[in-house]
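Thanks for asking me to look this over. Here are a few friendly notes to read alongside the model.

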Amino acid sequence: MTSLTYELLLAGLAVGSAAALTGVGLVVTYRATGVLNLAHGAVAMVCAYVLRQLVVEWGWPLGAAACVTLLLVAPGIGLLLDRVVFRPAARAGADPARTLVASIGVFVLLVGGAALLWGGGARADAPVLLGDDPWAQLAVAVVAACAVGAVTRWTRLGKELRAVVDNRALAALGGIDADRVAAVGWAFGSFTAGLTGVLLAPYVRLDPYGLPLLVVEVIAVAVAARMRSLPVAVATALAVGIGQAQLTRFHPEGWPGPLVQALGANLFVVALLVAALVLPGVGERDVLTRATTTGAPVPAGLWLSVALLFLLPLGFAGTDLRTSVQVPALAVILLSLVVVTGRGGQISLGQAAYAGLGALFTALLAAGRMPGLPRLPELAALPVAVVLVAPLGVLTGWPAIRRRGLALALATLAVGVGVSRFVLAQPYATAGLTVDRPAGFAQDRPYYVLELVVLAGALAAVAALRRGRTGRALAALRDHESGAAAAGVPVPSLKLLAFVAGAALAALGGGLLGMGQRAFDAAAFDPVRGLLWFAAVLVLGADSLLAPLMAAALLVGLDAGARGGAAAAVIGVLAALTARLPPLTSLLGRLERRARGTAGGGRTGGGRGGVRSSGVRGPGARSRGARRSGVPGRGLRGGGVRRFVAARFGVRRLAERPATKRPPHGAPTPALRPRPAEPAPSGATRPGTAPAGATPPEPHPPAPGAHPPEGGAPPPGPSALDDVPRTPAPPGRTAPPHPAPLPRLRAHAVTVRYAGFTALDRVDFLLPPGRVTALVGPNGAGKSTLFHCLAGTLRPGAGRVTLDGVDITRRPAYARTRLGIARTFQELAVFPSLTVEENIRVGAEQGRVRDDPDATERALRLLGLAGPVRDRPAAGLSTGALRRVELGRALAGRPHTLLLDEPAAGLDAAETAALARIVKALAADGMAVLVVEHDLDLVADIAHSVHVMEAGRIVRTMA
Ligand SMILES: Nc1ncnc2c1ncn2[C@@H]1O[C@H](COP(=O)(O)OP(=O)(O)OP(=O)(O)O)[C@@H](O)[C@H]1O
């Protein structure tokens, strides 16, 4: 090995060892607490500063100072974070997204606090703890990883850790003190952070921003290890560290030169991009909730006060006015977060990158240095820069289509760091790039007026976006993504739109900021700012138009009035504590709700229903299992289905019963009989079982091409929707006549396997129009799986789903809604922040027929929601009302096929009877209705045919 190669190997080992240590700490904290501690690097930075303070400023011996720093201060910080922030957050029921915001809060708090205490400048005199012996550093990292591995594998604490990680609630029930395990995790995680900080500080810039950001890049190591495998974390860290060092020996000529140089300095950023964008996401279940959003109207008085605040600087002069010039520009940048995060519910930690690109492109265009474009006057350069940056919003919008929660946070952070390192911080951008203000606006006062005009325009545009059809769809997406898709909202393109609009706004603000400062400053748009801005807007109320204005004033004002870092410290405290508060308690949210006279604070559901961001499930909406065991005589258990069917359908005549009144249990009804299964298509049956293709004959074979799925079939007539509550139910088992053949939804030999387990086994199934078809069966029979395959939320491993013969197997859920297949959810999926009317309007605007002005009203009337309740937010309604809202949304899109997943869950007898009436009337009107239901009385009342499922097959069909 040449000496250069060896030297570079040693250098790479040193960096890789520090990264490995970071990875080990991140993984341990995540495993013990479920929190990806974005503040890990900030803790490292604080510990490095503490060691320096003890040794350099106070003259302590290095050994003693290191012991105090690593054995007291570092674990102490971890324990403090656990006790003050994360444990109360866990007790307050904070979801992972709020915990993520809290960790961002801790990050900016520590960064701001360090800047306040030690100043923002870099220190070059950090004490050297281990010398520059990379082998010693490697030994430290490997010993730490081995120690953690040994503890996890062989000690009682390790067993408890694994139990807590598997299921915290279950572990607690089993007598494990989950809090103690989490505290140990935090203490150890902080210890590794401290060790990383003191090891790295002598070799990198010790300043409040640089070290934390460096460690953020190293998150790649933990993500590559899927937040689980310590050996993978260590190996990745060493490989990237060594690779990065070796790259520095290459100096190719021409354009690859700067690229290789940039890679040699930023290979961890590349690793972060790969880990966050290419590998499957971690923490996918975490979603951003309404905890920090509010869409309520802002009181006029508050608007007036903020308007006056923004006009105030017009009376300033000198430095004060020059500082104020930053405020409107920053407000426009922060407004982009209202669109992406507040309204669209998408975590975006990369907005600073778009703002930086806006500033950079504006400067390059105005200087005539943009390749392929002429020099532009400043006033033209800004909008052109916005147009150029907007499409780049897909950089974060594209990952958002597949990723959510933590995975999306990491992806957007990775893009932000990547753009910052590979574009904004490159020499062509940083070497004295200046930009003039537009002609006529050179002085601070006129420029401030120009900024106010742009800000007012941006506010008006965002307000219009929030009010309209797109705004409602975005709010639906934020409140419940699956529900939005079920309503017909084209989720992927809407996410792209949100990110593109957000990128455009951020670029506009960034360009204004750059022109305000008369220069492009890459540091003004580094990823740490992105985290600070995100936290600031979320704390103040991400879906409030006022939040960006107040956040901008706060951030600029605090830093100008106090020492640099004050704003970060204040925002950090607020963000860190946000997770402790009950949902819906963002500061502006409280003000706005008070102004509206609605209850503030924690209660998000009323009556028997509670609304959660990721679904709605009130105490009344019990799980299938709970209802099974809790309501004798109405549920089924295991093989009880056959007995039930034989006892009930076999002897009772549904047609003889009054349609709106549930008969006493056991009343005789002989009409619905098990009928011999019909021959299934070849390959669809197996010896010893009833044929899987036991579907009723198709009463009206559709003429080929007569009803193409795309908007093809005639919708159910308005008369049906109008009259349902008043008309008697259709006669019992007689399939109603339907004037024209309607589209048929069909499953052909559909098979679904989960890791070798067959949940659906070559199932054939037809949903005929004008009939209510029920799916019943014991727990785990595969009913939901089949339902999801029909609804488009699950793609079968084999087999097809067709609508009128057209293969729709690959069509996503929203596209199927637009084809006329509407659905409801077992766990309600309404949009809690929208009113009842808005909920239903989303369905009317996004469903199969999107231009019917009366659809919303009709659905409101049909479901008995046309009274004052129409204006109430869904968040406060009972389960019964919410079920009606969800059904109304499904019907407002005028579907021809309706899939109902446990529609009676949580309903009382009267509500169930009303539901039965509506379902029967819809079928009488020609609609194809599928009901997956455990309430067999209801099934007996409404179903024209019943399919019994067992072990992934349809074993019996009764008509
Ligand atoms: N994501 C998954 N991963 C692994 N197995 C799954 C998954 N989803 C469902 N299953 C399994 O597939 C089988 C069918 O589940 P499914 O939810 O369709 O049953 P079901 O009839 O709807 O039952 P229930 O009435 O309890 O909801 C069950 O054994 C279930 O455990």
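Predicted model: local features only at pLDDT ≥ 70, side-chain atom pairs only at ≥ 80, totals over all residues.

1. Residues are numbered from 1 along each chain as its sequence is written.

2. The protein has 39 helices and 13 strands, taken as DSSP runs numbered from the N terminus (helices: H or I, at least four residues; strands: E, at least two). Of its 959 residues, 58% are buried, that is, with 20 or more other C-beta atoms, placed from the backbone, within 10 Å of their own.

3. Helix H23 (residues 469-479) packs against helix H25 (residues 491-517) at an angle of about 105 degrees, their axes 11 Å apart. H23 is therefore roughly perpendicular to H25 (65 to 115 degrees). Axes here are lines fitted to C-alpha atoms over the stretch in contact, and angles run from 0 to 180 degrees between N-to-C directions.

4. On the H23 side, Ala473, Leu474 and Leu477 meet Val491, Leu494 and Ala498 of H25; contact requires C-beta atoms, placed from the backbone, within 7 Å.

5. Helix H17 (residues 351-366) and helix H26 (residues 527-540) cross at roughly 120 degrees, with axes that come within 7 Å. In this pair, Gln351, Ala352 and Ala353 of H17 meet Pro527, Arg529, Gly530 and Trp533 of H26.

How values were computed
Parallel < 35°, antiparallel > 145°, perpendicular 65-115°, else oblique. Contact = placed C-beta atoms within 7 Å. Buried ≥ 20, exposed ≤ 12 C-beta atoms within 10 Å, placed from the backbone.
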